[in-house]
Amino acid sequence: MRKNSLKFHSHWFFLSPSVLLVSFFYFIPVVLVFTIAFTNMDQLFSWRFVGLVNFLRLFTLKDPLIPRIIKNTIIYIISGLPLTIIGALFISLLTMRINRTASLIFRAIFFFPRLVPPVVWGFLWMWSFEGTRYGVFNSILKGFGVSPIHWFIESPMLIVICANGFLGISLAMLIFTSAIASIPKDYTWAAEIDGASFWQTSRFIIIPLLKWPIMTMTAWHLMSFINSYVYIFLITGGGPYHATEVWALYGYNSAFKNYQYGYGSSIMVILVIINLVLLLVLLKIFGMRRMIERSRIEV
Amino acid sequence: MKKIFDKWIIYIILSLIAIPFLIMYIAFFAQAFSKGILLGIIPQKLSFSNFSFLWSTIPWGLEKTRIWGIFLNTLLFASISGLAVTVVCTLTGYALSRLEFRGKAFLLSMQLILHAVSGQILLIAIFFLLLYTKLLYKVPGVALARASLEIPLGVWMIKGFFDTVPWDIERSAMIDGCTRFQLWYKIFLPLIKPGIGAVFIWGFLFAWHDFIYVYTLLPGTVPLLSTLVQGLLATEVVDYGIIAAISLFYMLPPLFLFVFLQKALMKAPIMGGKGMA
């Protein structure tokens with residue numbers, strides 16, 4: 001009995017700092033965001049509960065921007081996610097086929113986005129695709145006599161998707177290459193002796209063996225694409241004219257740009273709910289254990 | 001013959017994907033270290049004039065900003081965050097590695113939950129939380145909020161290091177009369193120095209790189225390096241050479257820290273415990 005009570009004390013001593021910090025900055029905010037969503041909080045910071053007004057504004061389309069935001073979000077996710085997963089798979093399959101030094105160089109190029117701070121990555125994209133003749137690609141085009149292209153007006157969504165997609169590729173590529181490297185060489189050699197082409201080896205041998213890494217990375221990046229808005233915020237800020245404004249960014253802008261904290265919170269609450277449902281579905285598919293263990297590869 | 005041809009196709013495809021990125025990276029470095037630039041990527045005249053912000057002011061709007069104050073603020077922010085992550089993670093990592101208690105699986109799955117409902121979408125609530133606890137617009141408060149995001153993954157990292165310490169060492173220390181805390185402090189911490197370094201770098205790096213927390217929760221009068229770069233970009237009067245140079249300056253310290261800490265911490269003590277390889 002005494003031993004048990006001692007154990008209780010000791011583990012709480014070790015756990016309390018993290019439990020306190022995480023619940024203070026994480027679980028309390030979850031509760032708080034649900035509470036603020038039912039107020040019309042603005043820059044006066046006064047708590048006036050208005051019931052479901054914020055949600056009605058969202059669902060009954062009183063906000064004329066909402067259909068556009070939803071469309072943007074869907075485009076962003078359904079083109080960004082395949083770009084990340086297929087792109088990473090493609091690059092890792094190709095780099096595994098060439099000699100070590102060359103593949104390391106290519107992988108370093110594609111891993112670079114993970115190493116630079118978000119602000120610098122955003123700056124690189126913003127500057128490269130600038131519409132004036134000072135933009136990197138425009139100044140190269142100028143050398144060939146092409147007049148400057150207004151990239152951000154022509155296809156802002158594409159730029160944002162690529163900037164985020166290649167950020168995702170850097171992580172997914174790392175996971176996929178290490179997974180491919182762990183496949184016994186016998187499998188691919190046997191296939192090659194049987195006369196399988198590169199495409200056939202990839203399609204019928206390697207990709208089926210990568211089922212779990214592909215599924216976990218898809219789940220991981222699906223959540224990233226739903227939640228993250230930092231890079232869009234940095235590159236376009238949601239503009240021009242809300243062309244790249246996605247759901248999460250709209251929540252942020254409503255709160256911190258238009259000072260409608262209540263409305264912004266209600267937008268974020270929808271995201272929290274979507275994410276929790278998604279998380280439950282994923283846990284059902286993968287099982288808790290597998291999801292936890294997967295994190296060992298990813299650092 | 002066919003095989004060689006295949007190899008070339010692979011190289012060509014990979015290069016085609018990589019070239020736009022290479023152009024971006026080269027333009028970045030070329031812009032930072034030269035006065036003029038030709039065709040976007042060819043530096044014309046090597047110069048360090050873009051780095052003049054190191055000893056004089058940054059021409060930013062009407063006010064003159066100096067980099068070193070901003071640098072020190074960023075250092076303070078990242079160090080507080082890194083230290084918080086380190087202390088909290090080494091404590092929790094020990095418990096997760098060595099003790100049995102209820103809710104262990106839940107703590108280990110925190111990382112996944114945190115990715116699902118990320119700190120970014122809770123930012124509004126964190127803003128109000130800091131506002132009411134009087135921590136808003138203060139570097140330590142925001143650093144703590146930032147640190148809490150890195151704790152779940154940091155705990156995973158350090159738990160791996162705790163797992164490698166043999167149980168025999170722990171048992172013999174306990175027989176000699178060590179309490180749990182003494183065990184943690186005197187026996188485990190010296191043995192997992194590389195892990196402590198790794199977790200510190202982890203917490204430091206993410207706080208150093210952070211933008212959205214700093215931008216939202218710190219006032220515009222206290223810029224850190226990330227918000228400085230963003231602010232310079234937003235004004236659009238400063239030329240790209242200076243922004244590129246400041247960005248390079250911004251990216252260097254984590255690199256130095258990594259090299260420095262690696263040297264100091266990779267010297268794992270020689271362990272004589274039974275069962276050690």
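B:Leu189 is buried, at a relative accessible area of 16% (buried means under 20%, exposed over 50%, partly exposed in between; 1.4 Å probe, protein chains only). This is a predicted model, in which local features need pLDDT of at least 70, side-chain atom pairs count only at pLDDT 80 or more, and totals for chains, interfaces and linings use all residues. Residues are numbered from 1 along each chain as its sequence is written, chains are lettered from A and ligands numbered from 1 in the order in which they are written, and side-chain values use heavy atoms, with hydrogens and water left out.

B:Leu189 sits in helix H8 (residues 180-191) of chain B. Helices are DSSP runs of H or I with at least four residues, numbered from the N terminus. Leaving aside residues up to four places away in sequence, B:Leu189 touches B:Thr90, B:Trp184 and B:Ile196 (contact means heavy atoms within 4.5 Å). B:Phe260 lies 71 residues from B:Leu189 along the chain, and their C-alpha atoms are separated by 19 Å.

Now the interface. Chain A contributes 87 residues to the contact, chain B 85 residues. About 8,100 Å² is buried between chain A and chain B, with 82% from carbon and sulfur atoms. Buried area is the accessible area (1.4 Å probe) that two parts lose on being put together, summed over both. In chain A, A:Phe14, A:Phe25 and A:Tyr26 lose the most area to chain B, together 10% of what that side buries. Helix H1 (residues 2-36) of chain A supplies the largest share of the side that touches chain B, 19 residues.

Notes
Helix = DSSP H or I, 4+ residues; strand = E, 2+ residues; numbered from the N terminus.
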